Structures are given as structure tokens and as C-alpha cells.
Amino acid sequence: MASPKLAAVRSRLPAAARSARFVPLLRHRFYSNTTPKTIASVFTARRTVPSTSAFTVGSRRGYVNGQDEDTPEGLRYTEEHEWLALEDGNFAVIGITAYASKALGDVVYVELPSVGASIVAGEPIGAVESVKSASDIYSPVSGEIIEVNEQLDKKPGLVNAEPYRKGWICKILMKDTTELESMMDNNRYETFIASS
Amino acid sequence: MLLPDSRRQLASYLCFALTDLRRSSNIATARSSNSGFHRHFSCSTISRQKKIFDLQVYISKSRSPYFNLSYEDYLFKKFPVYTSYSSSTTQVPQKALLLYTNDRSVIIGRNQNPWRETNVEALRRNNVPLIRRKSGGGTVFHDDGNINYSVMMPGNLFDRDQHAQLLCDALNPVFKQRGEETLLSVNERHDIVDQNARKVSGSAYKLQRGKAYHHGTMLLNSRLDLLSSLLHDSVDRSLEVVEGPGVASVRSPVSNIGISNEIFTDAAIMAFEREYTAGGDNAVEVTYIDEGSMTKEEAQDINKSIEELQSWEWTFGSTPKFVHRFLLEDSTLAVSFTVKEGAILDLESDLPEFKAFKDKIIGTPYRGPEVAAIIDSELWKERLIRAI
């Protein structure tokens with residue numbers, strides 16, 4: 001799946017130009033951080049298959065026009081409006097979605113779980129306070145909390161400003177990856193929020 | 001996590017009736033009142049179909065703040081979970097209203113710093129318990145001139161102002177009838193204020209998967225002088241400063257509404273019955289509760305909760321990492337404690353009284369007597385026992 005920006009540009013091209021040959025060129029202009037060494041390498045029709053399981057906190061994927069995309073690809077979502085990103089190995093990064101952070105209002109405090117705590121899928125792992133409301137956050141997977149985002153202590157507003165990047169909440173070492181299968185992808189989540 | 005459905009509120013304000021009506025299955029009503037013009041409603045011509053609830057009312061006879069808050073938590077735990085993606089439209093949703101009055105106490109929000117938001121020394125001196133509740137928001141003063149209401153609702157129907165507005169609409173006629181000027185309304189901070197913009201009720205909320213509650217105070221005939229000295233006239237800021245994250249209280253001028261507990265209770269229950277039930281003899285089930293009316297299982301649960309509320313670890317120890325500075329009369333720093341998870345993480349001081357004990361004191365629980373036991377200076381022992 002191409003990035004939305006790439007897809008948007010490509011759809012504006014005449015049909016002939018949408019072939020595979022031109023893909024690397026477009027990738028270079030809008031997506032790549034590096035310049036190709038030779039012109040020839042630009043036209044090498046090497047299509048990369050994007051991996052939906054690769055996401056690094058702070059990576060550029062899901063970042064468009066200086067703002068976090070509403071529902072980035074490559075993440076998994078829950079009906080409780082949490083997102084999960086997989087990292088190398090069995091690590092899962094959890095946060096709340098942009099939809100959730102907008103609906104909650106300005107976050108004034110984030111209650112983080114303790115590092116080392118062992119949790120079961122569906123259990124609350126913390127809470128977010130906004131507009132006098134304490135709202136529980138639930139973990140979609142079981143495992144052990146190995147890292148929490150301490151930046152949120154001083155800057156709880158990161159949850160509103162960058163819900164998918166600097167506003168991440170905790171990192172869990174997963175015990176059972178089959179729990180991921182019941183989560184939604186970005187399209188299903190978008191349908192879900194549109195219908196609720 | 002559960003989200004407030006602001007779109008539903010927006011819909012009813014702007015009269016984009018189609019979305020709202022579809023959700024409350026109101027299309028039949030709308031068409032019959034405006035046949036042929038069903039796209040152009042004005043708010044006044046829509047007869048909003050009342051959503052019917054299975055309304056349960058509980059009135060607590062206990063005055064213990066520990067029992068009442070624990071019972072509230074217990075009720076909330078028992079309250080059914082509704083999720084918009086799993087509830088059936090034919091199921092009658094529940095709504096619970098709990099009314100309780102506490103003996104004199106100060107209640108802080110879940111994520112607040114008690115040293116910053118209250119005068120801990122004055123609380124101790126006046127023998128007023130400090131309790132940390134489970135919902136968010138700021139600090140309030142409870143006594144027998146204050147009544148608390150708690151409304152529990154399904155998650156997809158969470159609303160911050162609806163019930164406060166209902167109470168205003170229930171009480172305003174009472175004042176009019178008594179010839180009083182008082183006129184209540186809900187302000188943008190979700191507080192209930194009178195005609196002079198004085199706060200008479202504060203609100204706080206808790207949201208969990210599929211359910212939520214809104215609870216608030218109501219100043220009937222409360223000791224506002226005590227409220228002031230325990231909350232407003234906090235610690236002398238020239239001698240003590242607390243820095244750290246956590247929710248800050250917003251101070252407001254307050255006022256009593258001057259009606260009795262009974263009148264408020266009757267007005268509130270009648271309003272809820274009128275608004276949320278179909279009426280009739282058995283529309284509302286009112287249950288009186290106190291410590292003695294609990295079953296064995298209930299008592300077990302509630303007692304555990306009471307213990308947690310009474311524990312130092314929950315009330316003080318769970319405060320997020322902060323720095324507590326004590327100053328000398330000339331405003332220079334005497335000592336600064338960095339406290340995390342209820343224990344001293346670090347100490348900063350130029351005074352020999354503290355420097356000598358720096359290593360010993362790190363790791364000590366942040367409790368007056370324990371900190372005082374470590375240092376030598378009598379003057380400081382006394383001051384710290386009072387202030388911490």
C-alpha cells in the first residue's frame with residue numbers, strides 16, 4: 001500500500017504514467033529522505049512491499065503535512081480507541097487515537113502504568129484526565145510493561161498534539177501474539193468510528 | 001476508553017435532526033409533525049422522544065465519607081456495561097442516581113497533589129479527613145450542609161451537562177415559589193452557578209468501558225468559612241512552595257442555595273422521574289442504604305474499598321513526583337524535597353541541619369514523623385511534622 005500522499009499524487013497523473021516504472025521516481029520526490037546516486041537507479045522498477053508490521057515510534061509513516069494522520073496505516077486499533085504498533089520482536093507500543101484525543105478534550109494528566117507490571121488483555125493500564133474526567137485506558141494485549149512515556153508527566157498535551165508519535169503511552173513485551181488478530185486495521189477502525 | 005459524544009450534542013443544537021433522530025428512532029414522530037417538510041425542522045417543532053430508562057435511586061443514610069465514596073464505587077462496578085457496538089436497541093438502559101451527604105471532609109481529585117491543593121496542616125489541626133476520590137477534577141469541601149449526587153449512565157449516552165441542567169430546571173421553580181432571587185445555570189466549566197456567578201455545585205466524571213458517571217456537590221447550607229480556610233486560604237506561599245504535575249484546582253467564589261436536604265432530594269428525584277421514566281406508580285425504585293443494610297458480599301467489597309480510601313498510600317503516597325520547597329523568612333531556600341511514589345527521592349539544602357542527613361533521608365516515606373525522626377534540629381522537626 002502506497003502512502004496517502006503518494007497515492008494522491010499518483011491519482012492525478014494520466015493513466016500511462018501510473019505504471020510501475022514511475023513509482024520509484026515519485027517515491028524519490030515525496031517520500032524518500034535520500035537522493036539517488038544515479039539517475040538510472042531512480043528508474044529501477046523495484047517495488048517495495050510495505051510491511052504492515054513495521055512501525056517505529058517517531059518514524060515518518062503516518063505523518064502528513066506536519067500533522068498526525070487521523071488513522072495511520074500500519075497500526076492496529078481497538079474499539080476502545082487505543083492504537084497498537086508492533087516493534088521488532090514482540091514489543092507493542094500503545095497509545096490513544098487522534099479521534100479519542102479530540103473527543104476527550106485537552107488532556108491535563110496521564111496516569112501511566114508502572115514499569116514491570118504484568119497485565120492481561122482488557123485490563124486498564126492507566127487513565128487520561130481531561131475536562132474533569134478520568135478516563136480509563138485498556139491494554140489490547142497481555143504481557144509486561146517495559147517502558148512508559150515519561151515525557152507525558154510534564155507534557156500531557158502531547159497526547160492531543162501527537163497521539164501517534166510523541167504521545168505514545170507505554171511499551172509492552174507481548175506474551176501472546178494471537179491477541180493481535182482480533183484488532184482492527186485502519187480501514188475497519190475508520191468505519192467503526194464513522195458508524196458510532 | 002469511552003468518549004463523550006459531542007456530535008450528538010452538536011446535532012441537537014444545530015437541529016441537524018436527521019442524524020439525531022435516526023439515532024433516537026424518532027423519524028415517525030418527526031414526519032407526523034412536519035409532513036412534507038421533514039428536511040427543515042426547527043428545534044421547537046420537534047417533539048423529542050423521551051428516552052426511557054430503568055431508573056434506580058439510592059439514598060444513603062450514612063454520613064461517613066469513606067462509606068459513601070466506596071458505595072458509589074461499588075454501585076459503579078455493578079452498573080452494566082453498554083457499548084454502542086454491542087447493545088441492542090430494544091434493551092432498556094439503566095440509569096442510577098445516588099444521593100449522599102458526608103460529614104466534614106475535604107475530597108481531592110484522583111490526580112491532584114494534596115500538599116498543593118489543600119492546607120494539610122489546617123486539615124490536621126481541625127481534624128478534617130482528607131480523601132482522594134476516583135474521578136478527576138479539583139478539590140471540594142463536604143459537610144452536612146452539602147449534598148452530593150452521582151448519576152451513572154451507559155457509556156454511549158455520556159454527557160457532562162445534561163444532569164446538571166436537569167437539576168437547575170428542577171430547583172429554579174422551587175426558588176421562584178419561595179420568592180427567592182436564586183437562579184441556577186450551568187457554566188462552561190460544567191459547574192452550576194447562581195445568578196451572581198457564584199459556584200454552588202462542582203462536577204467530576206469518570207469514564208470506563210461502556211459506562212460513566214457524573215457526580216457533583218451541591219452547597220445547601222454549608223460552612224463556607226471553613227471551606228475558605230481549608231481550601232482557599234492555603235498554605236502561606238512565602239514559606240512553602242509545591243511544584244509538580246497533577247491537576248490544579250480552579251478556585252471560585254461560592255454560595256449556598258439555602259434549601260434543605262429533603263427539598264433537594266425530592267426535587268431531584270421528581271425531576272429524574274419525569275425526564276427519564278414513563279411515570280406511573282412503579283417508575284422509580286428508591287432504596288435507602290447504609291452500613292447496616294449491606295449483604296455479606298457487598299460489605300466485603302465495600303470494606304476493602306474503605307480501607308484503600310483510608311490508606312496513606314492512596315491518599316498521599318500516590319501523588320505524582322513533585323518538589324516540596326520550604327523557605328526561610330527571608331525567602332531563601334531552606335530545604336527542598338523531591339518526592340516520588342511517597343518516598344523522598346532527593347534532598348537539596350545549603351543548611352547544615354539537612355545536608356548532614358542527605359544520604360540517610362533518601363528513601364524515607366514522606367510522612368512528617370518519619371522525616372522528623374531523621375533530622376536533629378528541633379525547630380525543623382516541629383515544622384516538618386506539621387507541614388508534611
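Modeller: A salt bridge here is a side-chain nitrogen of Lys or Arg within 4 Å of a carboxyl oxygen of Asp or Glu. The structure above is a predicted model.

Colleague: How far apart are the closest N and O atoms of B:Arg110 and A:Glu111?

Modeller: The count of salt bridges between chain A and chain B is 5. B:Arg110 forms a salt bridge with A:Glu111, because a nitrogen of an Arg side chain and a carboxyl oxygen of a Glu have to lie within 4 Å, and the closest N and O atoms of this pair are apart by 2.6 Å.

Colleague: Which element gives the most residues to the side of chain A that touches chain B?

Modeller: Across the interface of the two chains, 15 residue pairs are in polar contact, with both residues at pLDDT 80 or more. The elements of chain A that give two or more residues to this side include helix 4 (98-104), strand 6 (107-111) and helix 7 (186-195). With 6 residues, the element that gives the most is strand 9 of chain A.

Colleague: What share of the area that chain A buries against chain B comes from the residues that lose the most?

Modeller: In terms of contacts, 29 residues of chain A touch 31 residues of chain B. The two chains bury about 2,500 Å² between them, and carbon and sulfur atoms carry 48% of that area. On the side of chain A, the residues that lose the most area are A:Glu80, A:Tyr109 and A:Lys132, and together they make up 28%.

Colleague: Is B:Leu207 buried or exposed?

Modeller: B:Leu207 lies in strand 10 (residues 203-208) of chain B. Leaving aside neighbours within four places in sequence, B:Leu207 is in contact with residues of both chains, among them A:Ser133, A:Asp136, B:Leu3 and B:Phe158. Because the relative accessible area of B:Leu207 is 0%, and the cut-off for burial is under 20%, B:Leu207 is buried.

Definitions and conventions. Residues numbered from 1 in each chain as written. Chains lettered and ligands numbered in written order. Predicted model: local features only at pLDDT ≥ 70, side-chain atom pairs only at ≥ 80, totals over all residues. Heavy atoms only, no water. Helix = DSSP H or I, 4+ residues; strand = E, 2+ residues; numbered from the N terminus. Buried < 20%, exposed > 50% of the residue type's maximum accessible area, 1.4 Å probe, protein only. Contact = heavy atoms within 4.5 Å. Buried area = accessible area lost by both parts, 1.4 Å probe. Polar contact = N/O pair within 3.5 Å; in protein donor to acceptor, adjacent residues only side chain to side chain.
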